[in-house]
Amino acid sequence: EETSSVNMTNIEDMQLAGHCLLMIDSMDLASKFVVGEMDEGECISVTNGKEFSKISRLHYVANFNKPHDLDQLFGALKEEQLDVSYVFYLNGMSNNVTGNQPQTIDELKAIQEHNYAIVHLAKVMADRNLQPSTFSLVTHNLYQTNDMEMISYAYSPLIGFFKTLPHEFPETTFLHIDFSDDVHENYSLYIKKELNNLLALAKLAQEKDETDYSKTAIVAYRGNKRYSPRITRVELENKALSDSPLRQNGFYLITGGLGGVAKLFTEHLLRHCQAKVLLVGRTTLPDNVEEGYFDRSTSTKEKMKCLKELKSLAQNGGEVHYVACNIADPVQLEAIVAEWEERFGQALNGVIHLAGVYRETLLKDETMSTLDEMFRAKVYGTFALYQLLKNRPNSIYITSSSTTTLSSGYMAGAI
């Protein structure tokens, strides 16, 4: 995915009339929004706190990780006859790219609980059949516009959640606007500019009876420059070939157990590199693949058969072994790799991270436990593998992902 600087469409400003709802970390963020910039209507601020409370008609406190609190919030707004037209979600805007990078799995998990709040908000809005005119996600440092730029990677799952929202709220226009620390002007000026552009383009399309137009925009501001994501075609056959980074007789760790893709990688490493391959997965298998298959599940039998086939390939050079492991546990992962480094008499040369869970679920049906299960391999596992390789700087790291992450889709927010 490549980002490039673009110019705003020159369209006359539209009036953003209606009540706006600010979901914020603290009241300090509210000062960056000029309420008068929203033209008509009142601005309602909701601060993330321990439990729901009504401070005044236009100011509330709610625990964003408690759906019951959020339901109470919208109930109170209904009693006050405050129909929300514009939602601005700024929970997490106070993070700093250099100061808030997680150092442990527990710190990373705490940030994910913070990220899940947008899912809880979507759930309550869906249950109440709320379809605001616009929903704006405002973040700090989630998109990388150049190779030198640091990002707040722990908050990046917000991108996936956001890309799914338009599929579940088809009547709402969505904007994701990402700022860097060097944007010092009032955020509302940029946000209103983007909303004007998005709504005006939609109005023009409707006037021309066009149905195929985008109701979603993703932009990033770096200083006074505006960027938007673009996908460009790469002609791989025209690229200069380079030597393979895979070493002959190297030692490689492959996550994902004995799945189809892991098997293909292992076959390649055994046939072409005579490598030593350590496969790790969640299922515990017997030490001896020749043991009988009695009293074992079909899935386990298939894995044992696959491992036996791979071991037969290793007879021509190389080795393959399987170990049950929780890859989201950095301590266990380090201990297992260190043990096999000693057995093989050589250091780890690389990791091929293929583990992951695919499940299609509406955001409103997700829970913290189902999200944690989805994140175990790709989020927590990736972090643990990074910790493993920090002390092995000459190792390579190869990961995999789904094309769904480029555009997301219905029931695919956590992928």
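Predicted model: local features only at pLDDT ≥ 70, side-chain atom pairs only at ≥ 80, totals over all residues.
Local features are given at pLDDT of at least 70 and side-chain atom pairs only at pLDDT 80 or more, whereas totals for chains, interfaces and linings use all residues. Residues are numbered from 1 along each chain as its sequence is written, and side-chain values rest on heavy atoms, with hydrogens and water left out.

The largest nonpolar core comprises 49 residues, and M23, L77, I118 and F135 have the most contacts inside it. Such a core is a set of buried Ala, Val, Leu, Ile, Met, Phe, Trp, Tyr and Cys residues joined through side-chain atoms within 4.5 Å; buried denotes under 20% relative accessible area with a 1.4 Å probe, protein chains only. Helix 4 (residues 117-127) gives the most to this core, namely seven residues. Helices are DSSP runs of H or I with at least four residues, strands are E runs of at least two, and both are numbered from the N terminus. Apart from this core lies another, of 23 residues, including L269, C273, V277 and Y322.

T139 belongs to strand 7 (residues 134-140). T139 counts as buried because its relative accessibility is 4%. Its side chain makes a polar contact (a pair of N or O atoms within 3.5 Å, within protein one able to donate a hydrogen and the other to accept it, with residues adjacent in sequence counted only if both atoms are side-chain atoms) with the side chain of H176, at 2.8 Å.

Just after helix 6 (residues 187-207), D209 takes a positive phi of about 60 degrees.

Methods: Buried < 20%, exposed > 50% of the residue type's maximum accessible area, 1.4 Å probe, protein only. Expected span 1.5 Å × (residues − 1).
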